[in-house]
Structures are given as C-alpha cells and as structure tokens.
Amino acid sequence: MDLLTIIQILDSTVRLATPLLLACLAGLFSERAGVIDIGLEGKMLVAAFFSAAVAAATGSVWLGLAAGVTASVTFALIHGLASITFRGDQLISGVAINFLASGMTVLIAQDWFSQGGRTPSLTGGARFSEISLPGATALREGYRETIADGVEPSGVSAIYWDLISGHTLLVYVAIAMVPVSWYVLFRTRFGLRLRAVGENPGAVDTAGVSVVRLRYAAVVIAGVLCGLAGAYLATGLAAGFVKDMTAGRGFIALAALIFAKWRPWYALFACLLFGLLEAVGNRFQSIDILGIGIPTQFMQALPYILTVVILAGFVGRAIPPRAGGEPYVKER
Amino acid sequence: MDKLPKWADVALIPLINLLLALLVSGLVVLLIGEDPVEALQIMVRGAVGSTYGWGYTLFYATNFIFTGLAVAVAFHARLFNIGGEGQAQLGALGVALVVLWVPWPHWTLALPAAVLGGALFGAAWAAIPAYLQARRGSHIVITTIMFNFIASALLVYLLVGALKVPGSMAPETARFPETTFLPTARDIFAAMGISFGRTPLNISFVLGLAACWATWLLIWRTRLGYEIRAFGQSESAAVYAGISPFRIIMLAMLISGGLAGMMAINAVMGEQQRLLQDNVLGAGFVGIAVALMGRSHPLGVLLAAILFGALYQGGAELEFETSVPREMVVVIQALVILFTGALDGMVRRPLSRMFLRFGRRRPAPAAGGE
Amino acid sequence: MSDDATTPAIELVGISKSFGPVQANKDISMRVMPGTIHGIIGENGAGKSTLMSILYGFYKADAGQVMIRGKTAEIPDSQAAIAAGIGMVFQHFKLVENFTVLENIVLGAEEGAWLRPSLAKARKLLSRLSEDYELHVDPDARIEDLGVGMQQRVEILKALYRQADILILDEPTGVLTPAEADHLFRILEGLRREGKTIILITHKLREIMDITDTVSVMRRGEMTATVATASTDPSRLAEMMVGREVLLRVEKTPAVPRDVVLEIEGLRVVDEKKVERLRGIDLTLRAGEILGIAGVAGNGQSELLQVLGGMRAAEGRVTLNGRDLPLEGPRAGARFRRQAGIAHVPEDRHREGLILDFHAWENVAFGYHDDPAYARGLLMDNDALRRDMQAKIEKFDVRPADCWLSAKNFSGGNQQKIVIARELERNPDLLLVGQPTRGVDIGAIEFIHQQIVALRDAGKAVLLVSVELDEILSLSDRIAVMFDGRIMGERHPSETDERELGLLMAGITDTDADPTLDEIEANLDLTGQRTP
Amino acid sequence: EPGLIIDLGGKFDKSFNESAYAGAQRWKEETGNDYMETELQSEAQREQTMRRMAERGANPVVVLGFANASTLEKVAPDYPDTNFTIVDMVVDQPNVQSVVFTEHEGSYLAGMMAALASESGTVSFVGGMDVPLIRKFACGYKQGAKAVNPDITVIENMTGTTPAAWNDPVKGGELTRAQISQGSDVVYAAAGGTGVGVLQTAADEGIKAIGVDSNQNYMHPGTMLTSMVKRVDNAVYEAFQSAEEDRFETGIQVLDLGTDGVAYAMDEHNADLVDEEMKSRVEEAKAKIIAGEIEVHDYTSDDSCPS
Ligand SMILES: Nc1ncnc2c1ncn2[C@@H]1O[C@H](COP(=O)(O)OP(=O)(O)OP(=O)(O)O)[C@@H](O)[C@H]1O
Ligand SMILES: Nc1ncnc2c1ncn2[C@@H]1O[C@H](COP(=O)(O)OP(=O)(O)OP(=O)(O)O)[C@@H](O)[C@H]1O
Ligand SMILES: [Mg+2]
Ligand SMILES: [Mg+2]
C-alpha cells in the first residue's frame, strides 16, 4: 500500500467518522447527565431526513441544517419528556424513538416527494460543499503536474490537500466539538453540574440546582449534536436522504461512547477507529491478514464485536455514570 | 403510590395507552393527507374481514407471540432483551440446518427437530450476552443490540458463502424439501370441508398457543418461575434466598432466546421454506411492544400479538389500497412502545391520584397496622 | 445572628405531607429559637426526615407554613432554603462519590460560569473554615476514598460554605462511633457559640440529653411534644416517643450454653473494590446462647452475616455442628446454608428479606421454595403456601391478617414479623439475626425479642448483629465488638458498659488508657469506611 | 388488469426499478388503462406481495429482478390461471415469461466509450451486489475498454454481497473516490440506487461517469458520458400490452442490441462529450455485434471473464 492510498483511506476515515463523532458526543452529554440515549440513531435519522428535505425544497443547505437540528431536538425533547418528566424507562423510550424515526421519515418523505421514501438529490447550494484550505488547491495542482510529468511524487503533500483540506464544514465542526465538549464538561460550572447530575442527582438537587433543567439541557445538547450528525450524513456525505440511511451508525456511536469511557478525547479516537474500519471495509472487499482472508462481513461486524469485548471488561473496564438509566425520583 | 386496583393496572392503563397511540397515529395519517377513519376501515377489513386477512393476521401474530414471550420472560427477570431480532435470525439458521441436512420423511418428524434446532440456536445466541451480564456485568441491552448486528453479519456471511445454492444469485439457501412443509390452515380447514384463504398460517400458531400456556406455567407455577420473578424484583433478596443470579440470568435468557428462535418455525419453515437474509422482519422488535402491552403476561402477550398481527396485515392492505406506505405500521408500533413503555407515567400518575382521591373518601388508612 | 433573641429562627405552622397513601407529617407546628440546638426524636418512620426535607425545600408540603426569623418564607426548592441560610446534612449523604471534596463543596454554589476561579476561591475559604471549626479535610481527596466521618465533615463544610446559619443534621451519629460523635458535638457546640441555630435529629436519648437545649418528639407523623431538655429525662422522652411506658430491658433467664454449634476461624472477605472487609474473624457460638455483635455500621458485621448466610464468598473455616461449611463455589449459597440448619433474618427486610411485590403467601416460602412440602410434582403447591402463611399470620399476629396482601403494603413492623415467622418456624440450629428491630414499633420489638429469647431457651444458637447498643446489651449473653473487620474483644453484658463498648467500637482495646480524640480519629480515618 | 411489483430500492431508484415504472406509466398513458402496483419493502415480503397481486386478479404479474426467482418458482404453480413475467432471470414454469437482456453487449459499448474518453488510461466500474449478473456487466465493460485500448487499466469494485448493496449511495461515493485516487477518470456504475452516489461523486470530483438501466444522463449534464440503458420499460410495456392483446407468450425472451433491448443513451445532456469519432466507432462495433462479427463474452455462460 502506497502513501497515497493510506492517505486516501484516512481521508475517507475522517469523512465516515464525522457522523459517528457528532452522535457520540451527543450521547456523551446525555449519558454524562444520567440519561441513557439509545435513540441516537433515530435522532440522526430524522435530522438527516429533514435537513435533506428542507434543503431540497428551499435550495438552501443552511435552512436544511436548521430543520434537521430542530427535528432532532424535537425527538430529544420527546425522550426528555418520557425519561425526565414522566420518569419512564430510558431504554424503552430510546427504542421507541428509533422506530418512530425510521417510520416517520419514510412516511413524510413519501407524502412530500413521492419518490419512494427518499428526497430528491441535492445539488449546488442545497449541499455542504467542500472547503479548500488556503494553498491546498495549489499543492494539489502541483501534485497532479508532477504525475503528468511522469515523475512519481512522494505524496506527502496530499496529507494537506487531501486529508486535512477539502472536507465540508461539519467535519471541521465535529472535530472542533471535541475540545469544546471537553472544556464545557470539565472546566465550566455547567459541566460540573452536568457530570454531578449523572453521578448523583440527589446531590445536585440538595445543592439547590434543578435536576430536571440540567437533564433537559443535556438532552437538548444531544439533540443538537445528533442534528448536526444527521444533517452531515444527508447533505455533506451523501446528497439526499434515503430510507434508513443511518444504517446503524447511531449504535456504532454508542459503541464508540462505551469504548471512549464517556470522555471526549477518547471519543474522537474511538470514532476514528470505527471510521477507519468502515473505510477499509469499503475499500477492500476482503482483506488478507497473514494469509487469512477476512470477509467484509467480519469487518462490518467488528465495531460491534469490539464493543462487546470492551463491555465484557477484557480491555479495561468502562464504568458508566452511576445514575445513568435511572429516573430521578424524589418522592416514591 | 401503588394504590391502583389491579384491573386498572393490567387493563385500563394499557388500553388508554393504546388509544393514545392510535390517536396520534390517526393524526399522522391526517397529516399526510389521508382520511384516518377510512384508513382504519381498510386496515380492519384487511386484517379480519376475510379468511385471507385472518390467515395473515394470525400468521404474523404467531411470530409476535414467540418474540413477545421471549421479551416477557426476560422482563420477569428484569432483563431487557433487545436481542430478539438476532436470536430469531439464529433460530432461523438452526431451523434451516435441521431441515436441510436431514432427509425428513414427514413433517411430523421434522417439526420437533426444527423446534429444537431453532430454540437451541436462539438460546445459544442469547447465551453470550447473558453470560457477560451474569459474570461480568456487561449491560445486556447494549450487548444484545450488538449481537443483533453481529447476527445479521454472520447470516450474510453464511448466505453468500457456505449456504448459498451454487449458481443462484440470491443470498438464500435451497428450498426445503416438500416433506417438511407444515400443514397450513388452508389444508387443515380443507380437510374439514371449510375453505380458507391461501395464507401461510400454519400449525405453528398452535405451537404459539402452547408456548403461551407453557410460559404461563413456567412463570407462575414452577419453582424456576418463582425464582425468576423473585430475582427480577430484587437481586439482593434473591441472593439472600439462595437463588443464584448467574443461574437465573442464564436460564431466563436461554429460555428467552429459545422462544425468539422458535419464531423461525413459523416464518422460515412455515412460510419462506428457505433461509433468507432478512427472515425476521423486525418481529424481534415488535416483541418489545407486544410484551410491554401485554404486561409480560402470556395472555396479554397473546392478545397484543394478535393486535399487532392485525396491524401488520392491515398495514399491508393499507399500503396496497392507498398511498400510505407500510411504514405507517412502524410508526404505530413506535407510538405503542412510546406510550405503553416510556410515557406510561403520563397516564399512570394522574390515574393513581384519581383513584387515591376516590379512596380517600372512605376513612383514611391509619399509618401503621398495630 | 443579630436577630432579636425572642424571634424564633424557624417556625413551622401546620405542616402536612403525604406520600401517596402514607401520611408522613400531620399538622406539625414547631419553633426553634436562634442560637440553640434543637433535638428531634421519634421512631423510624415517624416523619422526622420528611419534616426537615420540607424545611430544606427538598419536598413540598401539602399544607402549612414556614417562617424564618419571623417572616413567612416560601421554600419551593433547596435553592430557596440555601438562600434563606438553611443548610442540611442528610441522613444519607448527598455527595458525588467520584468528585473531589472541593468539587462537592462548590457544586451549586459556584462563583461564575467558569470553574477555575470558583475552585480557587473555595479552596481558600475552605482552609479558613476548617481552621475555624476544626474540620480538617483534604480538599483534593475523592469522596469515595474517604471514611464516613470525613464525608460527614464535607457535608457540614458544604453547609458552612453556603453561609448557613441554620444547620439541620439528620441522624448524624448513626454511622459514627461514640468518640467520633463526641467530636461532632464539640463542633456543634462551637457553632452554637457562633450564634448558629442547629436542628439535630437522632434516635439516641443520650445525645439529646447531652447537647440539646430543647427537644421535640414525633410519633406517627405527629408532633407529640416540645420541651426544654433540662426539664425532662430519658424515660419520659421514651414514653412520649412510643406513647406508653417502655421496658428498657428484656426479661430473660441466664443462658445455659451447651455444645458448640458454630465455630469460625480466620474468616476473611475481600469485597469487589478489593477492600478487605473481614480480616480474620474467630468466633465460637454454643447452643442455647445469644452472641451479640456490636459495632458501628460498616465495620464488617454485615459481611459476617452475609458470609454465614451464604450470600457472600469468603476464606477461612466455618464449621456448623462439627461439619465444615463450604465458603466458596456453588455449594456455598444460601440454599445450602438453610439445608444445613441456618436461618437468617436479614438486616434489610426490604432489600433482602422480602419480595415487596409478592403476596404475603408467596413470601412465606422465600428461601424455602424448594422445600418438598411446597411442591406438587414439578409445580409449586400454592395452596400449601397459602395455608402455611395463614397459620403464621395467626401465630405471629400479623396485621392485617390477609395473606393476599402484597408485602409492601404491610407496615415495617408487620413485614418484620413475616420474616421472623418464616425463619423462626424453621426451628433452625443457628439463627442469624441482623438489626431485628430496625424500624419496628416498640410493641413489636418486645414480641420479637421474646421470640428470639424463646428460640435460645429451646437450645438453639443465635448470632445477633445490631447497631443499637441497648439492644445488644439487653439481649445478648455474650458480646463481641467488631471494628474494621476484626473482633476487638468479647465482654459479658453484666461486666461492661456503653463507654467500654464504645471505645472498642472505635478500635481502642486498651481501655485503661484514656485515648485522645486524635488517636481515635487516626484510627478511624485509615479504615476507608464507607456509608453502608 | 396487469400488475407490477416494484423491487427493493423503490420505483425512484433512477435506475432499474424506475425504468420498469416508466414502462408501466407509458402503457397507462397510451392505453388509458389502469394497472396495479406495489412496492416491496423487504426481502421476506416477496411472497405475500406476489400472492396478493395474484389473489387480486392481476394478470400478468410482472416482478423485477433475479431475487424473485425462487419465490416465483413457489408461487406461480399456485395460480395456474395467472401469467407472470420475471425480468432478469429465467424461471421455468408454464405460466411464466422470463425476460433477460444482453447486458454484456451494452456494457461492451459503454466500455469502449469509457476507454475513448479516458485520458489517464484508467477506467473503473462500481457494481451493486456481487452476483453473476453484475459481473456480466463488468466483464462486458472490460472487454469493450480493452478493445479500444489493450493497455487500459480497469478497476472493478462491488458494493456488497447483499441486496443492501443496491441502495448505499454513501458507499458508492466512497468507492468512487478510491477509484479516482487510483487514477480512474471514467466510472461506470451498475449498482441501482448506489449508483446515485457514484454519479454524484464523479460530478463532484469532475470525472466522467456512465449510468445504467435508465437514461441517467440528465442527472449531471457535463460529466455524464452516457448511460447503458436496459429497456426494462419496454419489457414491462410489452408484457402489459401483449396480455391486453391476448398474445402473451410464456418462455424466455431475450432483449439485445438488435432489438434495442440494451443501448447506449445519447441526448442533449451528453452531446458535447461524445464526438463524432467516438460515435462512429461505437456504432461500428454495435453493428458488428449484431451481425455476430464481434462476440462479447457473457460472464454468466461460464462464470468467468477472459482477461
Ligand atoms: N420519598 C418518599 N416516598 C414515599 N414515602 C416516603 C418517602 N419518604 C418517606 N416516606 C414515608 O414517610 C414516612 C416517614 O418517613 P421519614 O423518612 O420522614 O421518617 P423518619 O422519621 O426520618 O424515619 P427514620 O428514623 O427511619 O429516618 C415513612 O412511612 C416512609 O415510608
Ligand atoms: N411504599 C409504600 N407503598 C404502599 N403503601 C405503603 C408504602 N409504605 C408504607 N405504606 C403503608 O403505609 C403504612 C405505614 O407504613 P410505615 O412503614 O410508615 O409504618 P410504621 O408506622 O413505620 O409502622 P411500624 O411501626 O409497623 O413500622 C403501612 O401500613 C403501609 O400499608
Ligand atoms: Mg429519617
Ligand atoms: Mg416503620
């Protein structure tokens, strides 16, 4: 494998890791506040649909983005209503949200566009276009020219013009969200309270801070981030919505969250790892490692297998926030 | 606050929840520009208006009985088994292997073997998450979700590889031999001189009814059931009583997985008669809604399964006759799970307050019994 | 503080509160004068915690009024209570276990949106507060690494940091040794001198007599009396608490110990967090005697009961009637202990002894559900269960006498009777009893004590664990004191007193020397005790 | 009243299904008659859907795609009075008409055009599900490309091994990017809905692309070199119409270059990309294939492709 191929795979990794990362950070905020969120998938899916639908209808990706985020936040609020206000089972609520999203998107898409549950393909301003960082185009041209001259270039410059430059805005946003999340969680008052409410809501309540408000805030943040993830999927990575297009990414994000032990920086690496797995699986139909052919199905299942291994505690134990999954009940 | 009369808990609340779910579904139908009343009529007519409709309704219901019971048994041990889907997939593999590998002379011999194969494979697929939960405390909800994905990858691997019919393009196994076809309702009724629509409803339905009864016996009449329920209520109390959590988690999940796996008898042996890549059709997930609605009681599961069977069949007709896509059923299913499972408190709390106020009229019960 | 000394710091008027069907507070009125320590006593479930939680804004009262320093105060939430200068140390601490002391203290009282300045400021203030009140804690220690005594200090510091001048402490000494409690009281006296108002909830009459200025008594959700401490005495208080005269001692004949039933050698337990909970226990118990295990909660008594009851694996050697009991592996479970002749009344009837959602008749077989008497072929014989329960209900006077009622719908005392009936009727060789009368009405206490003594008189061995020294002293034939996973010593009830036991409970064996408080503290803080 | 069962991927996949749908619509407009239509949502529904069509009295029932073969085999005998048409696969039943296409011939022409348009000497192929049918496309494409330029590199990728591969535009896009990085400047997508992602990426990255089944030239004018159209619409139209006129014939029907069953699409969207020389060479080859002078190897005949 030459350097260029590696860079290309990494480039693909970054693109594919972006929705995972945004969803994973969404889960991070929610679960750090004690609200388990297996509805990441569903929120991403509605966001993907509404962003694509509104972008297709208006021709503006920004309106699409806003619509996607709004839809995702709406679903997040349903989750909040069920699990915070009515103290329902967070897992069941998440399951319901995933189904609701999967049915609702196709239903509305069919009614709206009559294209069999998909949106029209997005073009031009209805999609996020790739951002070329300063100097990237020139470097790329230089590279192309070297090839044209019949010289085999080293390809190092591609790290800049291909891997670093040339992604859509949301990719950079997602990466920037990692330090931002870290800072918010560990360096601000809000973060301290948020983490506390996921560990011991009673302590937060008696300290005079509203558990309900904090948890809603966390759930809404998760909604926004899932909204970005879904919008990226439909308007950045692809050009339009197709049925069930999240294809289990919400669950992979959940897996990454466990992998990351609920920490932002680890989340970045976990998502990049899972993105890499997907990129490699896309690139090669089967992979030979030491003469053993590994089928793609195995590559596809690898994130899930890894998660189970992590959960089993064979690779460092992941301790979730202590109050996770339990509704805060003051009076029985 | 647990002052609700039992009938309210087991009948009134699920009913209100269901009505709410249907109401919201009606709004959705209205929203996409169709007439909800008409849609409902089509669905009802499609589901129970003919022997054809009944046939498909009960055919789907049979699937849901098995997956619903699977979720319910695990619920009794306070285990949330989201893995019904994967366990049913593996059950299908088990059924297919049993039926394809042994030249069965007659279905009466093939059926018990297939039941065993399906149950065994389903149970085996549940065993790993169960073991990890019992021994290493790995959250069973997450592991079973992961195992659903792994199951479908495994099945694809086998269906595009070892199990594929050489020369065929579709990822599916060979067709089962005719000797293993289960008698359908049409055959059985025909023998009695009654004509019944050509549907895949088959004797697995009877098997489903038997499974309901057996589950009821298990949960409420056996020592194991007693232990499962006790464990589900309080793990620490179970340990005190000498009930091994490991044993209960394993057994409850094995039974649960086995029940999910037995769904394949109906779907794979009864209808598809070959192993397809996607043979469960989301029934594993419907099982969650069914168990929630049925309050994890086999009778409730049976009724809820028939309801969902009707919903599925009605939904298919709806799609056929109007422009409402089949996804409408998924939406209804989601709303049922949402209202009966997650938003239960929305109905329960005001209701118990009402009952409490009602009860207060009589002299208030003094604190303390002495 | 500068308020006129005749205006009450707190005045409660007609407070009522119910939780569903349970009326926890009924029309309660109370006044607390500034600069005083006001005690509240009452049995378990009397409604003390509920009342204080209302004052702290944690619960909302159904009716009634709160006045602070003469002015009507709306306390919709804890924020408002804190703003009104109220601080509360809950019975079950409200700390974030994996946060540091400092983080716990600033939580909810941060200076601004950014943490760093808040923490820096808090660190300074904290060191001053701990100087002023002798409340030394390491600000960077994690709560989960601190002992209970330390955690309690953090709770107090939390209140002081929020400039509380009304401090509520809910059963602060339940988890402390007598010496630690003394230290706490010195701190409270210091605070009183500063002019702060303190409300102290406790079950211990001695503490009320020692430190409070006034005392209120609660019973069954009602406030029965408020009196000046100086004008009353313990037996009068006890009477007010339970509504009738109380027998403080159990009537029993001297023990006639016979053969050794239980022999424990070098018993060790290491818990999930790798903390050694039992560090080599040696005990002998004979038929016909009651061995009481005294100790502050969390010193290994629970683990001892759990090991003997088959709920926890251990190392060492235990023999019952001369036969070895397996301590690990599948045959170490509670089923096999029952088969071997050990009955077990667990410490926590809600979490262990009963399945609250089961009917009473289902609970009668709990732990004995594989008894052939309850079986009919492969199935369970539910009729047999119901007949059995009905008989026990009559014999033990369980009320209401309805075997179809769910266990959760019986009151605490009656729940305990169901457990006692189930375990004692098995006529075991060895009875393990943990906290037999926790949360139980005094009438039922007498009954339960009689049953335990009767079992002893029938020639059975009883191992009694209780945190109530009174109970230990009055029921035991022999007392062993546990501290930090070890037996600190054995005494005869007639030859010892609360002071000596208290020192043993603090880990001081040399009872002649008068240990300094610091020694006791040093002893305690190293133990890594946690709230049970 | 005839019936059409749209296969997985939906009738607006811009490709295979859409072509069939267009044929049915054309028939409806031209004759003014109605037809029944339903869309499959999942693999396991095939049987119920087919039966329902037959129960409802649809005749003939047209099903699309090889995946229906085993189900049709089972269902057709239950409804001896109903005729069925299956596209892309042969089912040997007395009441079934099997329509197959010579995709390898059409793909050969597409391969020629790709080689003629390529500047880098590398062209590529993105297939949907890895089945012999799609290999047939790939093999024809490769032969055509080699016929123009024997040194040309042809990169081949399949999206997956399951029906999901027909509907994964994101993966299609990723595969295309990978091929571009390997030097490809013309990509041929034979991947159903996945192709949408391939063509999109080609347009984004500025390379040329070849569509499939339907005429997809309009999707990205300027980068769409051509489309290898497969007249599924004609097959559907013909099945409907022949039944209407009582001349429905069961058995195998082969639609090839000669009958315009497969063709390369020319229209205003790609007129600028196809110069006269390219056109004449392709036309020449087409004539030779029809005349039997050029024989394009059919992958499915021996499950192999000459290199
Ligand atoms: N959150 C709650 N929900 C429902 N019932 C409650 C709740 N808290 C307390 N109760 C009930 O209210 C009554 C009074 O409880 P409370 O905790 O105030 O008693 P207490 O006097 O503090 O007892 P203890 O000495 O055991 O601490 C009890 O019957 C208890 O079961
Ligand atoms: N969680 C609960 N759910 C339903 N009913 C309850 C609950 N807790 C208590 N009760 C009811 O309230 C009554 C009082 O309960 P509580 O535990 O306060 O009794 P108590 O006064 O402490 O009695 P005892 O002296 O026997 O301990 C009981 O009779 C019981 O029926
Ligand atoms: Mg209390
Ligand atoms: Mg009580």
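Predicted model: local features only at pLDDT ≥ 70, side-chain atom pairs only at ≥ 80, totals over all residues.
Two strands count as paired here if DSSP finds at least two bridges between them. By that rule, strand β6 (residues 122-129) of chain D and β7(D) pair in the parallel sense, over 7 bridges.

**How the chains meet**
- Chains C and D do not touch, and their nearest C-alpha atoms sit 41 Å apart.

**Chain A: the annotated stretches**
- An unreviewed UniProt entry puts the annotation "transmembrane region" on residues 12-29, 49-78, 90-109, 169-186, 216-242, 262-280 and 301-319 of chain A.
- Take residues 169-186 of chain A: the chain there is 100% helix and 0% strand, with its end C-alpha atoms 26 Å apart.
- Residues 262-280 of chain A come out at 89% helix and 0% strand, and the end C-alpha atoms are 26 Å apart.

**Chain B: α3 against α13**
- Helix α3 (residues 51-76) of chain B and helix α13 (residues 298-321) of chain B have axes that come within 7 Å and cross at roughly 135°.
- That angle makes α3(B) oblique to α13(B), and the crossing is right-handed.
- On the α3(B) side the contact residues include Tyr52(B), Tyr56(B), Tyr60(B), Phe64(B) and Gly68(B), while α13(B) brings in, among them, Pro298(B), Leu302(B), Phe308(B), Tyr312(B) and Glu317(B).
- Sorted by type, the residues of this contact between α3(B) and α13(B) are 17 nonpolar, 5 polar and 1 charged.

**Chain C: a sheet with a helix across it**
- Chain C has an open sheet of 4 strands in the order β2-β1-β4-β5, with antiparallel pairing.
- Its edge strands are β2 (22-32) and β5 (71-73) of chain C, each of which pairs on one side only.
- Neighbouring strands of this sheet are turned by 30° against each other on average, direction ignored.
- Inside the sheet, strand β1 (residues 10-19) of chain C and strand β4 (residues 63-68) of chain C pair in the antiparallel sense over 5 bridges.
- For a specific spot to look at, Val13(C) has Gln65(C) in β4(C) as its bridge partner.
- Helix α1 (residues 48-55) of chain C lies across β1, β2 and β4 of chain C and runs at about 115° to β1(C).

**Chain D: α1 against α8**
- The axes of helix α1 (residues 16-31) of chain D and helix α8 (residues 232-244) of chain D come within 7 Å, crossing at roughly 40°.
- α1(D) passes α8(D) in a right-handed crossing.
- Residues making the contact include Phe16(D), Arg26(D), Trp27(D) and Glu30(D) from α1(D), and Asp233(D), Tyr237(D), Phe240(D) and Glu244(D) from α8(D).

**Chain D: the mixed sheet**
- An open sheet of 6 strands runs β7-β6-β8-β9-β10-β12 in chain D, with mixed pairing.
- β7 (153-160) and β12 (262-264) of chain D are at the edges with a single partner strand each, so one side of each has no neighbour in the sheet.
- On average, neighbouring strands of this sheet are turned by 15° against each other, direction ignored.
- Back at the β6(D) and β7(D) pairing, Met129(D) stands opposite Gly160(D) in β7(D).

Key: Residues numbered from 1 in each chain as written. Chains lettered and ligands numbered in written order. Heavy atoms only, no water. UniProt positions renumbered as here; feature names shortened; annotations may be inferred. Helix = DSSP H or I, 4+ residues; strand = E, 2+ residues; numbered from the N terminus. Axes fitted to C-alpha atoms, helices over the stretch in contact; angles between N-to-C directions. Parallel < 35°, antiparallel > 145°, perpendicular 65-115°, else oblique. Left-handed = near helix turned anticlockwise from the far one by under 90°. Contact = heavy atoms within 4.5 Å. Nonpolar A, V, L, I, M, F, W, Y, C, P; charged D, E, K, R; others polar.
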